[in-house]
Amino acid sequence: MTKLIGIISIISLWLSASVFAADAQHCVLLDDSWGNSCGSPDSLQIKVKNGCSQTIYVKMCIEKKDGKWSCGSDSSLAPGRTNTGFYTCHATSRYKWSACTGGYKECGFKNL
């Protein structure tokens, strides 16, 4: 009986972590602004604020005008904190992002 309770506890912890990983994107706030980086009016900066109750991993990729992607990540964005370091000079308006608790293997998409 003790083994069964232990197994159920482990499974429920694993499931709750997986559910939060999917929900981490729902408590992240993004704020984009143009022309504040690189001395260029076509630079795009995206501030990422962690509104979650746990530390998260964030990955951000911003498309450049030449079609390439500029990607970066923050492996430990604490609750309530903001990362202001995601920006690209000569950007399009397209970007992709992902947020989760399990690190880069769990979070999002392949490098572009």
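1. Let's start with Cys-100, which is buried, with a relative accessible area of 2%. Here buried means under 20% relative accessible area, exposed means over 50%, and partly exposed lies in between, using a 1.4 Å probe and protein chains only. Please keep in mind that this is a predicted model: local features need pLDDT of at least 70, side-chain atom pairs count only at pLDDT 80 or more, and totals for chains, interfaces and linings use all residues. Residues are numbered from 1 along each chain as its sequence is written, and side-chain values use heavy atoms, with hydrogens and water left out.

2. Now the disulfides. Counting a disulfide as a pair of cysteine sulfur atoms within 2.5 Å, the model has three disulfides. If you number the bonded cysteines of the protein in sequence order, the pairing reads 1-3, 2-6, 4-5.

3. Take Cys-27 and Cys-52 to begin with. Their disulfide has an S to S distance of 1.9 Å, and the torsion about the S-S bond is about 85°, so the disulfide is right-handed. This pair links distant parts of the chain, 25 residues apart: Cys-27 sits in the loop between α1 (2-23) and β1, and Cys-52 in the loop between β2 and β3. The element names come from DSSP runs numbered from the N terminus, with helices being H or I of at least four residues and strands being E of at least two. Both Cys-27 and Cys-52 are buried.

4. Next comes the link of Cys-38 to Cys-89, with S to S at 1.8 Å. The torsion about this S-S bond is -80°, and the link is left-handed. Cys-38 lies in the loop between β1 and β2 and Cys-89 in the loop between β5 and β6, so the pair ties together parts that are 51 residues apart in sequence. Cys-38 counts as partly exposed at 39% relative accessibility, and Cys-89 is also partly exposed, at 28%.

5. Cys-61 and Cys-71 form a disulfide as well, with their sulfur atoms 2.0 Å apart. The S-S torsion of Cys-61 and Cys-71 is about 115°, so this disulfide is right-handed. The partners are ten residues apart, with Cys-61 in strand β3 and Cys-71 in strand β4. Cys-61 is buried at 0% relative accessibility, whereas Cys-71 is partly exposed with a relative accessible area of 35%.

6. Strands β3 and β4 bring us to the sheet. An open sheet of three strands has the order β4-β3-β6, with antiparallel pairing. Which strands stand at its edges? They are β4 (69-77) and β6 (91-100), each with a single partner strand, so one side of each is left without a neighbour in the sheet. The twist averages 15° from one strand to the next, where axes are lines fitted to C-alpha atoms (for helices over the stretch in contact) and angles run from 0 to 180 degrees between N-to-C directions.

7. Two strands are called paired if DSSP finds at least two bridges between them. Strand β3 (residues 56-64) pairs with β6 in the antiparallel sense over seven bridges. Ile-62 has Tyr-95 in β6 as its bridge partner.

8. Strand β1 (residues 28-34) runs antiparallel to β2 and is joined to it by seven bridges, with Asp-31 standing opposite Lys-47 in β2. β2 also pairs with strand β5 (residues 82-88) in the antiparallel sense, over five bridges, and here Gln-45 stands opposite Tyr-87 in β5.

9. Finally, how many salt bridges does the structure hold? There are two, a salt bridge being a side-chain nitrogen of Lys or Arg within 4 Å of a carboxyl oxygen of Asp or Glu. In one, the side chains of Lys-65 and Asp-42 meet at 3.1 Å, N to O. Lys-65 is in the loop between β3 and β4 and Asp-42 in the loop between β1 and β2, 23 residues apart. Lys-65 is exposed at 54% relative accessibility, but Asp-42 is buried at 17%.

10. Glu-63 forms a salt bridge with Arg-94, the closest N and O atoms being 3.7 Å apart. Glu-63 lies in strand β3 and Arg-94 in strand β6, so the pair ties together parts 31 residues apart in sequence. Glu-63 counts as buried at 11% relative accessibility, while Arg-94 is partly exposed at 44%.
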